[in-house]
Amino acid sequence: MKFKFGVLALAISSVLFTGCADDGDDGAVGPAGPAGQDGQDGVNGEDLTAVAKLIRIATVPLGAEITGIYKTDNGELFFNVQHPDDALPAPENNAAVGVWNGVDFDNFDPRTQDLPVPAADSAEAQTVQVFAGEYQALGRAEDTFGGALAFGLGAIVTADESAKIKQSQDPDFNAFIPANADGSQGYLFTAFEDRPGAMSRLMVSKADNGTWNVDAALNVDFSSVAGTMINCFGTVSPWGTPLTSEENYEAENAANWNNPAYSDGYPNYTDVQNIQTYLGGTFPNPYDYGYIVEITQPTEAAPVPVKQFTLGRVAHENVVIMPDQKTVYITDDGTDKGFYKFVATTAGDLTAGTLYAAKLMQDATSDVSKAGFDISWIALGSSNNTQIEGWINEYDGIDETDYVADSTSYITDAEITDWAENGTGDDRYAFLETLKAAKAKGATTEFRKMEGININYDGVASGTVPYMYVAMSAVERGMADSEGDIQLQENRCGAVYRFGLDSSYNAIRMEPVVVGGQYDSSAVNRCATDSISNPDNLVVLDDGKVIIGEDTGNHVNNMMWVYNPEGK
């Protein structure tokens, strides 16, 4: 470095040649310079927590089943605690109709951690456990709501409401019908899965603190449709009416309906007598039971039930209506059952149309986790409610005195075979003996406990959530043998399947997405607790995730799960 002559050069020179002289005093500190500019913020780190495929979010008390899962447009979730263990301490020993407060299921975090499985002997095993928020029982079996329900919630009463036939601990389907624009008030319909069936309607409102109040209560009057039988799961139609399902397991066993010695059925002869009591002494006609019941005028003082005979007579578990408001899918609970589709003549009107049964073709594997099925549809018959009701009425007036062993007082198998093979007679067989008609026509009738079926309505309409889902409680018996259209390896813990739909909402493909884990008959939880066991209720969320509720004896405590299609 070179220096110019002057003051700076002299100063340097003096420093260089001062030798060992003492340093001088420090000079005064100069004024501070301007502050430097802040640096740019760092980039937030990425959350690398794995997104799970299946998350356990709730458990219910010992002996109880999860039923009535229903999500509102505001992300709130209603669900019930069905038939808890009688030995539980009160009030947990009574069934509950309830709501899950404090969680927005329209914004469910996919990185939520599994709720722990309660120890069988713990306090947690005796109550509802949830991963966040809290469960609120809106009512329990026998609650009268200040006298609004004279015999209590879940009471099965005579058609004239003068006497109690029995007390049910089996609340099932819930439907919330909003009564104002923001959904803070509404009507909660709850079906009771008993013999006879029943349905309550609670007027509920949401308080400022996020809990719910019950403001009024009544029971739906089914006397105009001869009562109901085993009211199971359901959905709400696109036009806002609850659809409850009559799960008549004996739909294909009319031969034993008037058999006084028939004690093993569901319903059995005692149950038939209970319906007779409901009707005031008239012996019931078997063809009056086993249908989808639409609750019309749901917000009026007296809701009006309509049995939609056109959707067939089976052990209905559930129905779901597609966005065209014409195509309906129908599941049939039990062993060696069918899967059905109904196409209405007019959109928004279920009273007339054509009923179909599914025919499956399995992929070339028996692995439950891999095997899918192509689906075609076999037409069973076309009719309307008025015509079908006329056919039903032809079997009125038959009772126990007409029963003959090894015979039937009702439609015979020979009649059904003749109709299917030779076109003899009318289409009554398709609608009154639907399972037998489907089998005679060559449809697949091997399903084992086909349970809840559901879609996200807006997602299917827009194509953003393009699948329909169904719960298969167990893959066994007719589904796990070496005969017929379905030949899978047995899985006692069940599976959830999804269906691909074409542009006309026709289901053309069925594939497994969640399969139950290892089964161990000697374990406390016979189905592994890291996966589903005997799935039942399904709800499809707005973002495509699926809520799954269990109906199982293979988990000590039944569980609720969220399935994430994007999970690993």
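Predicted model: local features only at pLDDT ≥ 70, side-chain atom pairs only at ≥ 80, totals over all residues.
The chain contains seven helices and 30 strands. Its radius of gyration is 32 Å, whereas a compact globule of 568 residues would have a value near 24 Å. The C-alpha trace spans about 135 × 60 × 50 Å along its principal axes. Of the 568 residues, 53% are buried. Among contacts with a separation of 6 or more, 61% are between residues 24 or more positions apart. The accessible surface amounts to about 24000 Å², and carbon and sulfur atoms contribute 47% of this area.

The charged side chains comprise 32 positive and 83 negative groups. The centres of these two sets are 6 Å apart. In total, 22 salt bridges are found in the structure.

One of these salt bridges pairs Lys 337 with Glu 252, with 3.6 Å between the closest N and O atoms. This pair connects distant parts of the chain, the two residues being 85 residues apart. Lys 337 belongs to strand E19 (residues 335–337), and Glu 252 lies in the loop between strand E14 (242–246) and helix H2 (269–278). Lys 337 counts as buried because its relative accessibility, 2%, is under 20%. Glu 252 has a relative accessibility of 22% and therefore counts as partly exposed.

A salt bridge is also formed by Lys 436 and Asp 413, where the closest N and O atoms are 2.8 Å apart. Here the link is between two helices: Lys 436 is in helix H6 (residues 434–440) and Asp 413 is in helix H4 (residues 413–422). The two residues are 23 residues apart, and the pair again joins distant parts of the chain. Lys 436 is partly exposed, with a relative accessibility of 27%. Asp 413 is partly exposed as well, with a relative accessible area of 46%.

The side chains of Arg 428 and Asp 426 form a further salt bridge, with an N to O distance of 2.8 Å. Arg 428 is buried, at a relative accessible area of 10%, while Asp 426 is partly exposed at 25% relative accessibility.

Most residues other than glycine have a negative phi, and most peptide bonds are trans. Against this background, the following sites stand out.

Arg 195 and Pro 196 are joined by a cis peptide bond, with omega about 0°. Pro 196 is located in the loop between strand E10 (185–192) and strand E11 (198–206). A cis peptide bond also joins Tyr 266 and Pro 267, where omega is about 15°.

Gln 325 is not a glycine, yet its phi is positive, at about 60°. This residue is in the loop between strand E17 (316–321) and strand E18 (327–332). Its relative accessibility is 26%, so Gln 325 counts as partly exposed. Lys 449, which is not a glycine either, has a positive phi of about 50°. Lys 449 occupies the loop between strand E23 (447–448) and strand E24 (450–454). With a relative accessibility of 16%, Lys 449 counts as buried.

Key: Residues numbered from 1 in each chain as written. Heavy atoms only, no water. Salt bridge = Lys/Arg side-chain N within 4 Å of Asp/Glu carboxyl O. Helix = DSSP H or I, 4+ residues; strand = E, 2+ residues; numbered from the N terminus. Buried < 20%, exposed > 50% of the residue type's maximum accessible area, 1.4 Å probe, protein only. Rg over C-alpha atoms; globule rule 2.2 N^0.38 Å. Contact = heavy atoms within 4.5 Å. Areas by Shrake-Rupley, 256 points an atom, 1.4 Å probe, with all protein chains shown as cover. Lys, Arg positive; Asp, Glu negative; His and termini not counted. Charge placed at Lys NZ, Arg CZ, Asp CG, Glu CD.
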